[in-house]
2 protein chains.
Amino acid sequence: MLVKERLFTPGPVPLPPQVIKALGQQIIHHRTPEFTKIFKEVKAKLKKLLKTDRDVLVFTSSGTGSMEASVINFFSKGDKVLVINGGKFGQRWLELAKTFSLNPINYQIEWGKTYNQKEVEEIIDNNPDLKGILVQHSETSTTTYHDVEFLGKLAKKLDDCILVVDGITSVGVYEVYPEEIGIDILITGSQKALMLPPGLSILYYSEKAEKRLNKSDIPKYYFDVKKEAKKQAEGQTAYTTAINLIIALNESLSLILDEGLENLARRHSIMAEATREAVKSLGLKLLSESPSNSATGVYSPEGINGDALRKELLKIGFRVAGGQDHLKGKILRIAHMGYFDYMDVLQVIAGLEIALNKIGYKIEFGTGVKKAQEIIFSNL
Amino acid sequence: MLVKERLFTPGPVPLPPQVIKALGQQIIHHRTPEFTKIFKEVKAKLKKLLKTDRDVLVFTSSGTGSMEASVINFFSKGDKVLVINGGKFGQRWLELAKTFSLNPINYQIEWGKTYNQKEVEEIIDNNPDLKGILVQHSETSTTTYHDVEFLGKLAKKLDDCILVVDGITSVGVYEVYPEEIGIDILITGSQKALMLPPGLSILYYSEKAEKRLNKSDIPKYYFDVKKEAKKQAEGQTAYTTAINLIIALNESLSLILDEGLENLARRHSIMAEATREAVKSLGLKLLSESPSNSATGVYSPEGINGDALRKELLKIGFRVAGGQDHLKGKILRIAHMGYFDYMDVLQVIAGLEIALNKIGYKIEFGTGVKKAQEIIFSNL
């Protein structure tokens, strides 16, 4: 019997047909006016996406590549940084900081929670030599939203401390305007709300951060921001870029800008709210106290293995993510980021109800769907 | 009037239809048995390509990423290395070695020439503390072939010196079997003879090189070979990989292995010989004294700007590459690497004859084509 697999994972996410079409084309050469024209269009659209006049760099790498670029270009050995560490990707900031000989303060948060404003203020007050704050805007491993506006206000007041934000699952989900918020470095990846295959990462940096480029004493080559910025200002890249992904990015950014950034953020907010309220109405518990609009993490019901539940979902056509590290087997993560609409949310909730019943967690069919329908209907 | 643009550039090269089809598909998730199955197929094919039983790593980056990985994983600060520097990419080895605090001996060769065996032997004899030899198998900027067999024999005799080969435009052009030759690290990129878009780089390392992994004191994260090797042995990657390129690589490797590695090398050898003899019969001078089979570099005729000649070629449908750095405006580089057959060679030579006449360099039509035909015919 036909079962169509639908990706509801927090990256990669489904590709729009326009992107698939752009990918499945004969290659063009990158050292040409034709490519430069496309690359400049991409740059103009990235600037609109982030509401900035500054150039936004593109690297051929996964998002982790731009995380590394943030650490090795804008800091020096021994620099004290605050890592807001609330999950697997917070942990990655910490590892990067340690690898490249920064001096990180590990502010460890229980997975599923966000930071405490007072505590962060205290750390900043007690460390006048702090050179940076590293955080996830949306911590994908725990589907948790960390408020960066508050951190932006704090960082703005400090002369030599920059705010570095991993926006891998927030850019394209929220309105993330680094200059309004006070973000100095903002990175993202292609395979999330930008609706592309993985292979590109994106890096914005502020004027304040730019001053660090000449000071940093950490060796860099492939991820050399200064060299890359110079080439990209001319519509080229220092090293051969992932040409077909750039061409596809041009398409997906058009889709995003055509929808409008406010509409885009609203759609994600409603999809997220509908998902959260639906799963709660089924008696399930949310993983996060500060849930992100990119994906909803939810505990598997008492006594039911999350991975077994995911298998039931897969049998009827839904691939959702599980938990990482100590959350393995305990949770589901259902994405609603990028190429998803309201009816997709209804579909996955309907499927979840079937999978739950199948695995022995009895609920009345339609309970969660009804809840999601009501929220969507009231927002049409 | 319709003019079809044909890529005759030494990377990117044209994509086979099978690859285009593989690229233009809906995405699948990488943390799945489905992806692992494909990735393991890719690995098995890479092993056949390089005739090795060792795992061959894949990174999401351009070729330069794997060049960096070679330097930062297999050497330590202060390590003395010999850089055989005969062009833009030799220069890149030198820059990488300097950036990461190695101690390079810059063996500078005039562009278009290859190394002198005696001189290299002397350097090695005079530097018993030499930890590595870094070379291009095919230096793309000068279309020059550097004999790695000779270097392999030298390196094999040394206990603690490894041979690091940039095979970006040689793997898939020649039969490059690192274990037979004595290459310790061999890297390549996706957008050359592997007939893919850019975005993947590939790294083989020998048992001798592997011993270095625990000794290296250079910080690494994104390009951490040890971490990557552990994950890739399980059919996964440390960081999200360029999923659609991996799927397309599975297709292009099948094309390569179906043709057979010996046939593949023979085809490239004949295409290269036909091109070289054809341009020589037109009175043009080859750029390289040791020409590579991946692309043919040729000087523009006396008094004719190479870039103007390239424009004439582009007008009738052929994009060839020009010169880099001090060779700018002086040369053409015509690729015959990857998805090219004999008739493609005849076509570009016929076009070159037209472009040469158009720009005022009078030759009898068919002169070069005839030469190429004869060579191809005698090899059918």
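Which residue in S9(B) does Val164(B) stand opposite? Val164(B) faces Ile185(B) of S9(B).

This is a predicted model, in which local features need pLDDT of at least 70, side-chain atom pairs count only at pLDDT 80 or more, and totals for chains, interfaces and linings use all residues. Residues are numbered from 1 along each chain as its sequence is written, while chains are lettered from A and ligands numbered from 1 in the order in which they are written.

**Sheet of chain B**

Seven strands of chain B form an open sheet with mixed pairing, in the order S2-S10-S9-S8-S5-S3-S4; strands (E, at least two residues) and helices (H or I, at least four) are DSSP runs numbered from the N terminus. S2(B) and S4(B) stand at the edges with a single partner strand each, so one side of each has no neighbour in the sheet. From one strand to the next, the twist averages 20°. S8(B) and S9(B) pair in the parallel sense over three bridges, where pairing requires at least two DSSP bridges.

| Strand (chain B) | Residues |
|---|---|
| S2 | 56–60 |
| S4 | 103–108 |
| S8 | 162–166 |
| S9 | 185–189 |

**Helices H3(B) and H4(B)**

The axes of H3(B) (residues 63–74) and H4(B) (residues 88–99) come within 10 Å and cross at roughly 45°. Axes are lines fitted to C-alpha atoms, for helices over the stretch in contact, with angles from 0 to 180 degrees between N-to-C directions. Thr64(B), Met67(B), Glu68(B) and Val71(B) of H3(B) meet Arg92(B), Trp93(B), Leu96(B) and Ala97(B) of H4(B), contact meaning C-beta atoms, placed from the backbone, within 7 Å. H4(B) also lies across S3, S4, S5 and S8 of chain B, running at about 160° to S3(B).

Methods: Contact = placed C-beta atoms within 7 Å.
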